[in-house]
2 protein chains.
Amino acid sequence: MKFICQGQELTDAVLKVVKAAAVRTTNPILECVKLKAEDNTLTLMCTDLELTIIKTIKADVKMEGEAVIPAKFLSEFVRKISTEQITFTKQGENLIEILYGENHGQIQCQNAEEFPEPKELTEPESFQIKSSSLRDLVIKASVAVAQDDSRPMLRGVLLEVKDKKLKGVALDGVRMALITKELVDATQEFGIVITARSLLEIVKLLPEDDTVIKVQTKQNHMMIDLGNTIFITRLLGHKNDFVNYEQIIQSTTKTYIVVDRQRLYDSIERASLLNWTERNHIIKFNIKGTNLTLTSNSEHGNITENMQIEHDQNDIVIDFNGRLIIDCLHVIGDQFIKINFCGNMSPALIVPNNNSEDYLYLVLPMRV
Amino acid sequence: MKFICQGQELTDAVLKVVKAAAVRTTNPILECVKLKAEDNTLTLMCTDLELTIIKTIKADVKMEGEAVIPAKFLSEFVRKISTEQITFTKQGENLIEILYGENHGQIQCQNAEEFPEPKELTEPESFQIKSSSLRDLVIKASVAVAQDDSRPMLRGVLLEVKDKKLKGVALDGVRMALITKELVDATQEFGIVITARSLLEIVKLLPEDDTVIKVQTKQNHMMIDLGNTIFITRLLGHKNDFVNYEQIIQSTTKTYIVVDRQRLYDSIERASLLNWTERNHIIKFNIKGTNLTLTSNSEHGNITENMQIEHDQNDIVIDFNGRLIIDCLHVIGDQFIKINFCGNMSPALIVPNNNSEDYLYLVLPMRV
């Protein structure tokens, strides 16, 4: 194997693929980048067996071949070079020589044949969506994903294709996020569950604009092929394996309030300040007429925050874990939000007030 | 105690004084801010018994008095308020009420009498220096301060007043930094040792311009009084307690090189990349004519970096811990540096090439 490539192109490609490299594993080859020189292109690939990222760039290939070198070394190295051209040459079985400017290095490499092959998807189901829509959906749903491993399926986001729309659902037992986005096209209706970690790595590398991308799935894998970049991820499961989320949403709203999002965010942040020695940030919401009063108490003192709200009718007093509300207010984009209450023992429903987007966040009150 | 102060002024003052508050100590009062309302001013003070920072701001004092409240709470709180006016009122023995806008909080406070009083310096020795000069001296000297506690005096920087100049010296057994700055004035010659940690906290809060500041010392303390802000720190010792650094500097240079600082920095960074499993970053410097070749070797491979240099005569091969050179190149400001060698078993001396500043960094080679 011998090829010459452009420093900047190599740097960009390496820094993308290494997002899928394993960290601290018992199988060291998963901590490596596979390089494949073929047909005047260089293909770089990393995988931790859950997520695979493959990227292809132009290269002047002098001799075709493959090599596997440590991702940690290569990503640090490309960050620190400013050379225009870099030459990689395989020397013998397990050494790569790198020439850059007046300098050179030799690095131990591993057997490329032991590197796991990516899954191929034959006759997949698929949907097409704007890149920015998928990105937004994943970021907003991931907020509600479970942080512990007690129910592995809840580490995932359900992506459900239905009625030409894509729904993203995540829940962790105390809250649920449901986001709906328009699809450009879909082959059929289906639902797949993917870990939030893989989805977040993928959407961070997707274009931030309205480019239409195609998401394909078959059996236990999902693939997004952008041409020069391919993402493949293992599914956690299908819709049947996930919680039946439709049962959770009730529509028996007894009262609602409309409140300035930033104002509520700042108030909860301040009211949470006294809970520094506790794990639960209990905040009491006291809604009376057009006043919302938040109160928090701890051994260190108490804080009372007041704000004006729009409110339809019934007064209510209800306790929440402030962190759960903050998480939602952090990703919601609107200036005003609406909170629907069904009683102080029932979940509350947070939505953007102007319905500018199809976003719904359900949060359980605390029983104090 | 009752006073009203401006939100922004309070925020600025709190965020400065809390730099001296203790973290995780057995004496919780050291994790607090002392507030003292008197004569239309509010004085805030924190101390960890080594460093004390005192700041005074304007306040509308309705009732004079003192209170002590947790620094962690107060610093987070002031970061999260945007209110113009804040009212603090002491309620009974151990509660402070805080009014901000439509909101209010009550926070437990401690007995102000138990808060340690700052040291007063009577008839001190002193020197006067430009703020920017002191700042630069401390930042450059601190690089060479010992990171472990085996010899506590080496956690400090020696500040020596001599011949109308201030010398800053730090060393850790394998390298030494010596910086000399012009003084504006000095009462007499003396030398004091202060922990790098305290000095760095202080200089970060000093004006970045040429304001002349007065540094006073007496017995075991040093004080800088900027009017609204006072820093007091305990001395680690005096000149006699510190290493006799003048003995270390020899002037038997056998050869020297002049090299581009950034070029050398980048090369050492790359040559260190293969040492990720080792603690010592051994880099071999091979100087031959106008060529400097750096090489590094590890179980993962090897790297060779070449660069052009200016060089007077004798060739030399010498091994360094790359990190020690990087630390110096990081703070030195010049485009070119000069390295003087006395032989491959003797310390090398790094100085800025154009002598634009009086800076000297001595580093021991490694015996491989």
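**Strand pairing, chain contact and packing in the predicted model**

Strands β1 (residues 2-6) and β7 (residues 85-91) of chain A are paired in the antiparallel sense over five bridges. Within this pairing, A:K2 has A:T89 of β7(A) as its bridge partner. The structure described here is a predicted model.

Both strands belong to an open sheet of nine strands, ordered β5(A)-β1(A)-β7(A)-β8(A)-β9(A)-β23(B)-β22(B)-β21(B)-β25(B), in which the pairing is antiparallel. From one strand to the next, the twist averages 15°.

Pairing between the chains also involves strand β23 (residues 301-308) of chain A, which runs antiparallel to β9(B) and is joined to that strand by four bridges. Here A:T304 stands opposite B:H104 of β9(B).

The contact between the chains draws 26 residues from chain A and 25 residues from chain B. On the side of chain B that touches chain A, two or more residues are contributed by each of α2 (71-79), β9 (103-108), α5 (261-271) and β23 (301-308) of chain B. This side of chain B comprises seven nonpolar, ten polar and eight charged residues.

The loop between α5 and β21 of chain B contains B:N275. This residue, B:N275, counts as buried because 20 C-beta neighbours lie inside 10 Å. Apart from neighbours within four places in sequence, B:N275 is in contact with B:H281, B:S296 and B:S298. B:S150 is 125 residues away from B:N275 along the chain, and the C-alpha atoms of the two residues are separated by 26 Å.

Elsewhere in chain B, helices α3 (residues 131-142) and α4 (residues 196-204) pack at an angle of about 145°, with an axis separation of 10 Å. The crossing of α3(B) with α4(B) is left-handed. On the α3(B) side, the contact is made by B:L134, B:R135, B:V138, B:I139 and B:S142, and on the α4(B) side by B:A196, B:L199, B:L200 and B:V203. By class, the residues of this contact are seven nonpolar, one polar and one charged.

The largest nonpolar core contains 206 residues, of which A:V33, A:I69, A:V157, B:V33 and B:I69 touch the most other members. When residues up to four places away in sequence are not counted, A:V33 touches A:V14, A:V17, A:V18, A:A21, A:L44, A:C46, A:I69, A:A71 and A:L74.

For chain A as a whole, six helices and 28 strands are assigned. Taken along the principal axes, the C-alpha atoms of chain A fill a box of roughly 80 × 50 × 35 Å. Of the 368 residues in chain A, 39% are buried. Among the contacts in chain A with a separation of 6 or more, 69% are between residues 24 or more positions apart.

Terms used:
Residues numbered from 1 in each chain as written. Chains lettered and ligands numbered in written order. Predicted model: local features only at pLDDT ≥ 70, side-chain atom pairs only at ≥ 80, totals over all residues. Contact = placed C-beta atoms within 7 Å. Nonpolar A, V, L, I, M, F, W, Y, C, P; charged D, E, K, R; others polar. Pairing = 2+ DSSP bridges. Axes fitted to C-alpha atoms, helices over the stretch in contact; angles between N-to-C directions. Buried ≥ 20, exposed ≤ 12 C-beta atoms within 10 Å, placed from the backbone. Left-handed = near helix turned anticlockwise from the far one by under 90°. Core = buried A, V, L, I, M, F, W, Y, C linked by C-beta atoms within 7 Å.
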